Amino acid sequence: MDKHYMEFDDSEENKLSYTPIFNDYVDLLERHLEQQLVERIPGFNMATFTHMLTQHKEEVPADIFDMFLSFTDFMAFKEMFLDYR
């Protein structure tokens, strides 16, 4: 965040420069999450997990599902940077 927080401003218009920052953030988060799950769950496979999660989303508590979705929500990401700033 320290590297990019000054790039963000509180305007309606989103700059093109936000896109690679957001994509890097999502990639980093996904790699970290997968690494942690692989270390804790023998035989864990992210593709299988993602498929099962979407197939059974009505069985997953709403707050957990919303948390997963928020990881890739651009507006939540932008708000996090603005709050940090």
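**View 1. Ring pairs join Phe 8, Tyr 18, Phe 22, Tyr 25, Phe 74, Phe 77 and Phe 81 in a cluster.** Rings of Phe, Tyr and Trp (its six-membered ring) pair if their centres lie within 6.5 Å; planes under 30 degrees apart are stacked, over 60 edge-to-face, the rest tilted. The whole structure holds 10 aromatic pairs. The model is predicted: local features need pLDDT of at least 70, side-chain atom pairs count only at pLDDT 80 or more, and totals for chains, interfaces and linings use all residues. Residues are numbered from 1 along each chain as its sequence is written, and side-chain values use heavy atoms, without hydrogens and water.

**View 2. Phe 8 pairs edge-to-face with Phe 77.** The ring centres lie 5.7 Å apart, with the planes at 75°. Phe 8 sits in the segment before α1 and Phe 77 in helix α4, so the pair ties together parts 69 residues apart in sequence. Helices are DSSP runs (H or I, at least four residues), numbered from the N terminus. Both Phe 8 and Phe 77 are buried (under 20% relative accessible area, 1.4 Å probe, protein chains only).

**View 3. Phe 8 stacks with Phe 81.** Centre to centre, the rings are 4.5 Å apart, with 20° between the planes. Phe 81 belongs to helix α4 and Phe 8 to the segment before α1, so this pair ties together parts 73 residues apart in sequence.

**View 4. Helix α4 (residues 74–84) has Phe 77, Lys 78, Phe 81 and Leu 82 buried.** Down the axis of α4, these buried residues fall within an arc of 135° (directions from the helix axis to the C-beta atoms), so they line one face of the helix.

Note on methods:
Buried means under 20% relative accessible area, exposed over 50%, partly exposed in between (1.4 Å probe, protein chains only). Helices (H or I, at least four residues) and strands (E, at least two) are DSSP runs, numbered from the N terminus.
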